[in-house]
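The structure is shown first.

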Amino acid sequence: MAITTEHAGRSYPATAPYRVSRAKIHEFARAIGDDNPSYGGPNPIAPPTFAFVIASTAWEAMLADPELEVRLERMIHGEQRFTYDRPLRAGDEVVGVLTLDKVRLRGPMEFITTSVDVRTVAGEHVCTVTAQLIHNREATAPKGSAPRAAAAEEATR
């Protein structure tokens, strides 16, 4: 069975706790090329997109769900939104809970909207990361084979 619209509403257990550290905030800010002073100093906050680190870990539960048959190598990231109650800070220990909000099927494409609720281990809501993932169910042609359009054109000659 593959993912269907009936899977909307499914949630997964919380991720293992993730400790936000000054070093990780610094590494992330450097990786995205943002030298905002808020990301340094003795009490840094994380860049807004840092919560993706927790969200991507939460996605692992969806990818491991054999009922959905969703594979990372057939997925692209459509869009993403972050809704914060407060910034992530160094010292926060957080978990993420993934929910499949919506599933739309269009031919071989599956449009999967997810939300990851990021909370401290004490239960304080920090943010929600919402993403649309586009999954292609069709197998890609093996390397060295003609593209489908060319193969179809050949078949009509």
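## F50 and its aromatic partners

F50 is buried, at 1% relative accessibility. With F28, F50 forms an edge-to-face aromatic pair, 5.2 Å centre to centre and with 70 degrees between the planes. F28 belongs to helix α1 and F50 to the loop between α1 and α2, so the pair ties together parts that are 22 residues apart in sequence. F28 also counts as buried, at 18% relative accessibility, because the cut-off is under 20%.

This is a predicted model, and it holds 3 aromatic pairs. Another of them joins Y18 and F50; this pair is tilted, with centres 6.3 Å apart and 55 degrees between the planes. Y18 sits in strand β1 (residues 18–19), and 32 residues separate it from F50. Y18 is partly exposed, with a relative accessible area of 22%. Together, Y18, F28 and F50 make up one aromatic cluster.

## A charge over a ring

The charged end of R104 sits over the ring of F111, at 5.0 Å from the ring centre.

S115 is located in strand β4, which covers residues 109–120. Its relative accessible area is 14%, so S115 is buried.

The S115 side chain makes a polar contact with the side chain of D101, at 3.0 Å. Beyond its neighbours within four places in sequence, S115 is in contact with V97, L98, T99 and D101, and also with T128, V129 and T130.

Terms used
Residues numbered from 1 in each chain as written. Predicted model: local features only at pLDDT ≥ 70, side-chain atom pairs only at ≥ 80, totals over all residues. Heavy atoms only, no water. Helix = DSSP H or I, 4+ residues; strand = E, 2+ residues; numbered from the N terminus. Buried < 20%, exposed > 50% of the residue type's maximum accessible area, 1.4 Å probe, protein only. Polar contact = N/O pair within 3.5 Å; in protein donor to acceptor, adjacent residues only side chain to side chain. Contact = heavy atoms within 4.5 Å. Phe/Tyr/Trp six-rings, centres within 6.5 Å; stacked < 30°, edge-to-face > 60°. Lys NZ or Arg CZ within 6 Å of the ring centre and 35° of its normal.
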